[in-house]
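Biologist: Hello! I am new to reading structures. Could we go through one together, feature by feature?

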2 protein chains.
Amino acid sequence: MLHEDVVSRLRHMLIDGDIAPGSRVPERELCEALRISRTPLREALKVLAAEGLVVLLPNRGARAAKLTRKGLQDLFELCEGLEAVAGQLACARITGPQLESISQLHAEMVGHYRAGDLVHYFRCNRLIHEAIVAAADNAVLAATYESVSARIRRARYIVPMTADDWTRAVREHEGILNALLRRDGEGLAHILRTHLANKRAEVETAGFIEAEAPPASAALRVSGASLRRAARQPDTSRG
Amino acid sequence: MLHEDVVSRLRHMLIDGDIAPGSRVPERELCEALRISRTPLREALKVLAAEGLVVLLPNRGARAAKLTRKGLQDLFELCEGLEAVAGQLACARITGPQLESISQLHAEMVGHYRAGDLVHYFRCNRLIHEAIVAAADNAVLAATYESVSARIRRARYIVPMTADDWTRAVREHEGILNALLRRDGEGLAHILRTHLANKRAEVETAGFIEAEAPPASAALRVSGASLRRAARQPDTSRG
DNA sequence: TCGGGTCATTTTGAATGCAAAATTACGTGA
DNA sequence: TCACGTAATTTTGCATTCAAAATGACCCGA
């Protein structure tokens with residue numbers, strides 16, 4: 001188990017909610033589940049704390065970060081900015097194959113929309129946004145986007161949409177694809193911004209907020225069995 | 001020596017160039033200089049690697065990250081986007097006292113410009129940009145900006161300017177202050193973007209690039225004495 | 001002198017051990 | 001029964017230790 005794997009594994013356990021937001025990160029359990037000692041685990045926790053996924057309380061261990069309404073808003077605002085920048089750069093730099101690939105993803109996504117397949121729709125949706133960021137050809141931007149978007153992923157890609165929301169989102173994606181094809185950086189930046197701002201409004205409306213996890217609540221305490229289950233899951237979310 | 005202090009101390013040694021870009025990070029020396037064992041130092045290095053300030057080579061230790069031309073460009077592009085977002089949000093959220101404080105900083109900065117005091121000019125300049133980000137009232141944005149701007153700080157605030165560059169920069173700052181006073185988010189975002197893009201052009205022109213540090217070069221290897229000197233320096237760059 | 005190979009030394013990555021702090025459990029008195 | 005103080009237990013943070021890998025020193029033959 002390489003160091004980077006430990007960070008990645010834990011990151012996804014946190015993003016996927018295998019470790020409940022606000023709950024303690026059980027060092028001992030995780031060491032056993034991941035078959036590593038405390039040293040590499042603690043190094044990973046420090047890294048994840050820097051990413052904002054966990055909070056470290058001095059002498060009182062780590063807790064899975066809990067998104068407040070304000071925190072979620074902050075992340076969405078930043079993400080809007082990042083996607084806008086990415087869109088602008090992507091229009092200037094996107095290659096033929098990349099454009100081709102995004103067009104295909106778009107068509108596929110529309111298919112899932114028509115079929116009412118929300119899960120696969122969201123997957124294509126996410127891949128399109130990530131492909132635009134990749135097309136911007138900016139490593140720091142991509143890394144920052146990855147980190148920020150991961151933290152709002154559950155809100156963004158899980159909160160239920162009304163039929164109208166969904167229709168509007170697909171229409172916006174038509175605009176995104178068109179702007180890319182026209183290499184209209186300003187236009188794309190604007191659409192991406194609006195697109196995500198709309199999603200943010202949906203999330204706000206739905207009142208998405210992390211569940212509370214009182215310090216000693218047995219109900220929300222992470223079970224060893226569930227951690228071992230989560231630890232077995234490979235890193236599936238990328239690509 | 002608290003964990004966060006170790007990270008902060010190392011971060012500034014890297015940003016200030018006390019550890020030459022591309023050179024090995026001497027674990028042993030630093031442990032002695034900071035009076036800590038390898039465990040907390042290695043935790044700090046992992047965090048700094050996540051921030052992009054050092055690169056970790058498996059089984060071959062850590063090296064201070066070296067900015068390539070492309071890497072620097074990427075950082076500037078991202079920073080432009082971050083400042084633009086910050087400016088837009090700041091216009092909507094800035095408080096009276098914050099605006100007052102920025103006005104004062106601006107006046108002070110113009111004074112330093114008139115006096116030809118580049119060092120204090122740069123300091124005010126940086127504080128203004130940081131104040132705008134702070135006024136955006138977005139914690140993740142602020143943290144991201146802090147990280148990104150730190151990495152381009154030396155390029156941004158040290159590269160020599162021509163007299164014309166300087167004059168133009170001051171004029172742009174007049175525009176920044178005016179946009180803030182008018183609460184013109186779009187306008188401010190645009191000026192901030194242009195302002196930083198101009199700086200990027202200056203840096204490109206000056207050909208700022210990190211010095212090479214060949215693996216076994218004694219000339220560029222960090223000396224124990226200089227590390228101990230750097231380690232004594234407190235964290236002075238913030239505020 | 002130079003190239004290649006072997007062995008000693010150093011450095012890295014991770015596990016273990018230990019002291020300090022925090023948490024929990026328990027007992028006492030009201 | 002409940003509040004409070006004390007002791008046992010657990011958890012945390014760091015130092016130390018140990019095996020594996022990499023680095024460098026040395027030697028030999030051409």
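Biologist: Which residues come nearest to DNA strand D?

Modeller: Keep in mind that this is a predicted model. To find what surrounds a strand, we look for residues whose C-beta atom lies within 6 Å of it. Here 18 residues are around DNA strand D, and A:E27, A:G61, B:S37, B:T39 and B:N59 come nearest. Two or more residues each are given to this surface by α2 (27–34) and α3 (38–51) of chain A, and by α3 (38–51) of chain B.

Biologist: Which element gives the most to that surface?

Modeller: That is α3(B), with three residues. As for the kinds of residue near DNA strand D, five are nonpolar, seven polar and six charged.

Biologist: And how is chain B superposed on chain A?

Modeller: A rotation of 180 degrees does it, with 0.0 Å of shift along the axis and an RMSD of 0.1 Å. The two copies are therefore related as by a two-fold rotation axis. Both copies use the same surface, since 100% of the contact residues of chain B recur in chain A.

Biologist: Let's pick one residue. Is A:L188 buried or exposed?

Modeller: We count C-beta neighbours, and 20 or more within 10 Å make a residue buried. A:L188 has 27 inside 10 Å, so it counts as buried. This residue sits in helix α9 (residues 185–206) of chain A.

Biologist: Which residues does A:L188 touch?

Modeller: Leaving out residues up to four places away in sequence, A:L188 touches A:G87, A:Q88, A:C91, A:I176, A:A179 and A:L180.

Technical notes:
Residues are numbered from 1 along each chain as its sequence is written. Chains are lettered from A and ligands numbered from 1 in the order in which they are written. This is a predicted model: local features need pLDDT of at least 70, side-chain atom pairs count only at pLDDT 80 or more; totals for chains, interfaces and linings use all residues. Helices (H or I, at least four residues) and strands (E, at least two) are DSSP runs, numbered from the N terminus. A residue is buried if 20 or more other C-beta atoms lie within 10 Å of its own, exposed if 12 or fewer, and partly exposed in between; C-beta atoms are placed from the backbone. Two residues are in contact if their C-beta atoms, placed from the backbone, lie within 7 Å. Ala, Val, Leu, Ile, Met, Phe, Trp, Tyr, Cys and Pro count as nonpolar, Asp, Glu, Lys and Arg as charged, and the others, Gly among them, as polar. Copies are superposed by least squares on the C-alpha atoms of residues with pLDDT of at least 70 in both.
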